[in-house]
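Here is my note on the model. Please read it with the structure open.

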Amino acid sequence: MRRLHRRLSQLLLPLVLLSTQAHAGVQLAVDGVDDPLKGAVTAGVELSQYATREVSDAQVRRLYERATDQVRSALEPYGYYDASVSGDLQQVGKDWRVTLHVKPGEPVKVTAVDVQLDKTAAEIVPIRRAQRAIERLKGKTLDHGAYDAARDALSAQLTANGYLDARLLTHRVEVTRADHSASVKLAWQAGPRYRYGKVHFEGSQFNDGFLDRYVPFKSGDYFSQGQLLQLQQALNGADYFAVVNVMPDVDEAKAGVVDVNVQLAPAKRTIYTGGPFIGTDTGFGMRAGIERRWVNRRGHKWKNELVVAQRLKTLSTLYSIPLPGDNQRSYNIGANYRDANTDTSQSRTLELVANETRLWHDWTRTLGVHALDGTFTVGKIGNEPDNTPGIEHGRSTEVFAEATLSRKQADNFDFVHQGWSVSVAARSTVGSLLSDASFSQLTADAKWIHAFGERQRNRLILRGSAGYTWTDDFTALPPLLRFFAGGDRSVRGYGYQSIGPLNSDGRVIGGKSLLVASTEVEHYFTRNWGMAAFVDAGNAFSGVDYQPKIGAGLGVRWRSPVGMVRVDLGTPIHDSQARGIELHLVIGPDL
């Protein structure tokens, strides 16, 4: 027993002595420099790794002795090659406190930049832009991170624009400490510029050649990674496929020609949708839909939707026939029954439409014909009797041509930081041919979103709408072709389509013209929650009697799993005829 006790004592005594010499950790402080230099120094010094790790006295002293060289090494990538470092080492209780005093010295400046590149490659705009970014390093403090990024960006642009064999022959930064200068020398051998060969689609459910309409290039065109991305996005946007992989066959490229393999897997052919929804313009409702993503091997589509809400009921069907060509052209035939009940009008209309859509200079262009027939009532408030003085009734048939142009761009359509959308439309009858009233109409809508501030937690949103109508009989136009203002996407603080020109009995009947503008600022406290402040102004009017209504208020923003939810409280400003607070609820994308 004594022998066992003595043996245990011999084993445990060193551990006990070691534990008495260990300390909880090292508190590191750095002064004399600010971020990003301070962060680089802290990360580059080994002592920073022992903030919560036990360390012995001997370890601390060894690490402290190495800290000076580590600080100098951490500063060199930022152009500071003559840094001086002093420090203090103190024991505080069980911990150690280390303070490093850093004087970065005079920074090294880039005095010469020499970029050698094949002349033909340098004439390509994205490559030339990347080359100039490197040349702009001249005169600036040497920053190895910025240099590496600029060098890699030019290499990436060479590859992206077809120089698949490009090699970086020289990449050197020469630093002269004596005069705090540096010279940058880079040289590329671009090699041949590759062209497209054939595009092979694997796993498609369509006739051969049908998917060629989505290919934004032709065989023999110069290779471009940007165009491959366009092809990927176009195939995803077609909604035919669950899997889309676009892969250039670089390994098998011969004689400067590279084929493209596209691997596909069909999506679910039929989609059923449905569920409740709510919006202050429409009230509570239910939506149900059925969509046939492709009807046949020629890629035809068929979509049907039923909406039943408190103030809106619609039943629509649309059949689309894609046509050959790289402009994604298609013919569309549809019908839409609409029963709408707003604060100022009621209407029941049946609309037939036939049009052609295509991509046109990066815009979506639509040319078509509409046939509209129905009954309507304007000026009615609530459940007033139909014979109330001032209420106007009508029945209208209008056959008119329509042309629209629309385009939108965004960095992320789920939540836009930088983006915009524009839509313009022109409608016109052919005199009074098949129509109760001759009219022509122009409309335009635009929206711009710009994120700003720290971590882009703020957004400025500008919105505008305008319209003008020429007609020989305004009273024959249904509410769908008149202009009203007010509502979630118009002047908040007013009910949906509740403001506009009045008849002799003081009832809103809509106008020939529209002009609305909005300014909104959002601030997000977390990734998903924020608030908004807004001011909207505008009105519908006839002639030149434009008297804008102003609404302002505050709102809450929530990036929900089903999309952006906007809840706003708006109130009229300087309006003796309208008071109170109006609730506005919108669920949907930014653009």
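1. Basis. This is a predicted model; local features need pLDDT of at least 70, side-chain atom pairs count only at pLDDT 80 or more, and totals for chains, interfaces and linings use all residues. Residues are numbered from 1 along each chain as its sequence is written, and side-chain values use heavy atoms, with hydrogens and water left out.

2. Sheet. Three strands make an open, mixed sheet in the order E6-E8-E7. Helices (H or I, at least four residues) and strands (E, at least two) are DSSP runs, numbered from the N terminus. Two strands pair if DSSP finds at least two bridges between them. E6 (109-116) and E7 (167-176) are the edge strands; each has a single partner, so one side of each lacks a neighbour in the sheet. The twist averages 10° from one strand to the next.

3. The E7/E8 pair. E7 and E8 (residues 181-189) run antiparallel and are joined by nine bridges. Thr176 stands opposite Ser181 in E8.

4. Packing helices. H5 (residues 125-135) packs on the sheet and touches E6 and E8; its direction makes about 150° with that of E6. H6 (residues 144-160) also packs there, touching E6, E7 and E8, and its direction makes about 15° with that of E8. Axes are lines fitted to C-alpha atoms, for helices over the stretch in contact; angles run from 0 to 180 degrees between N-to-C directions. Contact means heavy atoms within 4.5 Å.

5. The buried face of H5. Which residues of H5 are buried? They are Ile127, Ala130, Gln131 and Ile134. Buried means under 20% relative accessible area, with a 1.4 Å probe and protein chains only. Seen down the axis of H5, they fall within an arc of 100°, so they line one face of the helix. The arc is that of the directions from the helix axis to the C-beta atoms. These residues pack against E6, H4 (119-122), H6 and E8.

6. Cores. The largest nonpolar core has 24 residues. Such a core is a set of buried Ala, Val, Leu, Ile, Met, Phe, Trp, Tyr and Cys residues joined through side-chain atoms within 4.5 Å. H7 (225-237), E10 (241-248) and E11 (257-266) each give two or more residues to this core. Leu211 is among those with the most contacts inside it. A second, separate core of 23 residues includes Val108, Val110, Ala122 and Leu186.

7. Thr404. This residue lies in E19 (residues 392-410). Thr404 counts as buried, at 18% relative accessibility.

Methods: Buried means under 20% relative accessible area, exposed over 50%, partly exposed in between (1.4 Å probe, protein chains only).
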